[in-house]
Amino acid sequence: MGERSIVMAGTAGAARIKDPALQDAKKGFPLFFQRKEKDLDAEEERLLDTEPESLPGVFFTEKLKNKSVFAGLWELHEALGTGLTAELCAIPLDQLTVEIFEKADLSPYEEPCGNAFLVVTDRPFEALSALKEKDVRCAVLGTLTEDNGCVVTSEAGKRYLTPERKKQQ
């Protein structure tokens with residue numbers, strides 16, 4: 001068995017951007033920036049039309065729907081019974097989501113991801129290519145590991161995900 005990579009398709013926090021509770025946070029942004037919400041909607045539709053199981057080399061999928069990226073990584077970790085390491089900076093984000101969530105004091109990594117999904121594959125670059133052909137944001141987040149840790153790394157260091165880190169809506 002070769003190295004198995006974790007690929008994410010879609011963007012962190014995309015499901016929460018339409019939440020009426022965020023209307024106040026959206027005020028004050030230029031109109032062109034607010035129109036980016038339609039781009040997120042279009043990407044959500046393209047994700048619906050994408051079958052994660054059909055991507056090259058995929059042996060496991062985790063649809064995020066009402067889960068955050070962190071919850072999805074934890075559930076992937078539990079389902080496979082293996083460790084994983086992921087890079088925080090690799091998680092796909094949309095600048096609109098980042099700005100609005102910052103104003104609302106939310107983390108896109110802990111908010112529902114809509115139609116986004118995670119796949120584990122031994123052919124990550126082929127999977128990325130297939131997703132990019134569909135005009136879907138995607139990235140290799142990390143790899144499976146032989147230990148049992150569920151780790152997200154960033155400039156600030158290592159963060160160990162736990163079941164308590166999952167945010168349920």
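I looked up D49 first: the residue is exposed, with a relative accessible area of 60%. Exposed means over 50%, buried under 20%, and partly exposed in between, using a 1.4 Å probe and protein chains only. The model is predicted, so I note that local features need pLDDT of at least 70 and side-chain atom pairs pLDDT 80 or more, while totals for chains, interfaces and linings use all residues. Residues are numbered from 1 along each chain as its sequence is written, and side-chain values use heavy atoms, without hydrogens and water.

I placed D49 in the loop between α3 (36-48) and β2 (58-65). Helices (H or I, at least four residues) and strands (E, at least two) are DSSP runs, numbered from the N terminus.

I then found D49 in a negative surface patch with E45, E51 and E53. Patch residues have over 30% relative accessible area and no salt bridge, and like charges are joined within 9 Å. A salt bridge would be a side-chain nitrogen of Lys or Arg within 4 Å of a carboxyl oxygen of Asp or Glu.

I also looked up P56, in the loop between α3 and β2. P56 counts as buried, at 18% relative accessibility. Its C-alpha atom is 8.9 Å from that of F125, 69 residues apart along the chain.

I searched the whole structure for aromatic pairs and got one. F70 and Y109 are stacked, 5.8 Å centre to centre with 15 degrees between the planes. Ring centres must lie within 6.5 Å; planes under 30 degrees apart count as stacked, over 60 as edge-to-face, the rest as tilted. F70 is buried at 1%, and Y109 is buried at 16%.

How values were computed: Patches are made of residues with over 30% relative accessible area and no salt bridge: like charges are joined within 9 Å, nonpolar side chains (Val, Leu, Ile, Met, Phe, Trp, Tyr) within 5 Å. Accessible areas come from the Shrake-Rupley method with a 1.4 Å probe; for residues, only the protein chains shown count as cover. Lys and Arg count as positive and Asp and Glu as negative; His and the chain ends are not counted. The place of a charge is taken as NZ of Lys, CZ of Arg, CG of Asp or CD of Glu. Rings of Phe, Tyr and Trp (its six-membered ring) pair if their centres lie within 6.5 Å; planes under 30 degrees apart count as stacked, over 60 as edge-to-face and the rest as tilted.
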